[in-house]
Amino acid sequence: MSALIVIDVQNDFCPGGALAVPEGDVIVPGINALMADAEAVVLTQDWHPAGHSSFASEHEGHDPYSMIDMPYGPQVLWPDHCVIGSDGAAFHTDLNTDRAEMVIRKGFRRAIDSYSAFFENDHETPTGLEGYLRARGITKLTMVGLATDFCVAFSAIDAAKLGFDVTVRLDLCRAIDLNGSLATAKQNMVQAGVTLA
Ligand code: VGL
Ligand code: ZN
């Protein structure tokens with residue numbers, strides 16, 4: 001059985017949002033169309049408490065989009081985004097959420113970020129998505145959404161490492177592309193055994 005995993009199609013990642021991904025909204029109609037034929041649909045939602053440690057505003061003298069060392073490894077500092085319950089954290093209004101059988105929220109612990117839908121950025125704290133998919137007999141995943149080079153890539157690589165058969169539809173993703181991060185993410189996905197389509 002297969003599932004469509006829609007990563008972080010939220011207002012803050014779309015034009016006008018706090019961490020806008022260029023053209024982040026243009027993928028929405030194509031994603032909605034893909035849902036019609038999907039056997040199962042899972043949505044993920046970036047979901048940070050105010051004052052989250054990935055926000056540059058929490059680190060005096062550090063600008064958004066700069067890097068910092070966290071106890072769990074290097075971390076990009078972001079503008080405040082996807083704060084729990086805010087409009088920015090809501091799904092894009094045109095995204096069809098009716099077909100979603102599971103919504104997985106991530107990044108809700110203040111001290112640690114979570115790009116991947118499977119593990120937080122320490123690469124070991126699980127979100128529970130793996131267990132959900134296995135319990136439903138889902139082995140094949142198609143991933144779409146935002147942003148290609150962060151949450152989509154981290155999710156796809158973790159899924160492939162866990163043994164899922166993963167395809168990323170690049171035409172239904174858009175990237176932030178910080179210092180070549182898109183090219184690196186594509187290489188890393190291919191190396192992990194992810195199919196790029
Ligand atoms: C994301 C940066 C920070 C993403 C989430 O969804 O790719 N990127 N939080
Ligand atoms: Zn985030």
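**Zinc site and backbone geometry in a predicted model**

Q: Which residues coordinate the zinc ion (ligand 2)?
A: In this predicted model, the donor atoms are an OD atom and two NE2 atoms, at 2.0 to 2.2 Å. Along the chain the donors follow the spacing D-x1-H-x32-H. The residues are Asp46, His48 and His81.

Q: How many residues apart in sequence are the parts that Asp46 and His81 tie together?
A: Asp46 lies in strand β2 (residues 41-46), whereas His81 is in the loop between β4 (73-76) and β5 (102-106). Both Asp46 and His81 are buried. Because of these two positions, the pair ties together parts whose separation in sequence is 35 residues.

Q: What is the geometry of the site of the zinc ion (ligand 2)?
A: The angles among the four donor atoms run from 88 to 169°. Four donors count as tetrahedral if all angles lie between 85 and 135 degrees. The site of the zinc ion (ligand 2) is classed as irregular.

Q: Is Asp8 buried or exposed?
A: Asp8 is placed in the loop between β1 (2-7) and α1 (28-35). Its phi is near 50°, a positive value in a residue other than glycine. Most residues other than glycine have a negative phi. At 0% relative accessibility, Asp8 counts as buried.

Q: What is the relative accessibility of Glu23?
A: Glu23 lies in the loop between β1 and α1 and has a positive phi of about 60° although it is not a glycine. Glu23 counts as partly exposed, its relative accessibility being 45%.

Key:
Residues are numbered from 1 along each chain as its sequence is written. Chains are lettered from A and ligands numbered from 1 in the order in which they are written. This is a predicted model: local features need pLDDT of at least 70, side-chain atom pairs count only at pLDDT 80 or more; totals for chains, interfaces and linings use all residues. Side-chain values use heavy atoms; hydrogens and water are left out. Donors are N, O and S atoms within 2.8 Å of the metal (3.2 Å for Na, K and Ca); water is not among the atoms, so sites may look incomplete. Four donors count as tetrahedral if all angles lie between 85 and 135 degrees; four count as square planar and six as octahedral if opposite donors are over 155 degrees apart and all others between 65 and 115; anything else is irregular. Helices (H or I, at least four residues) and strands (E, at least two) are DSSP runs, numbered from the N terminus. Buried means under 20% relative accessible area, exposed over 50%, partly exposed in between (1.4 Å probe, protein chains only).
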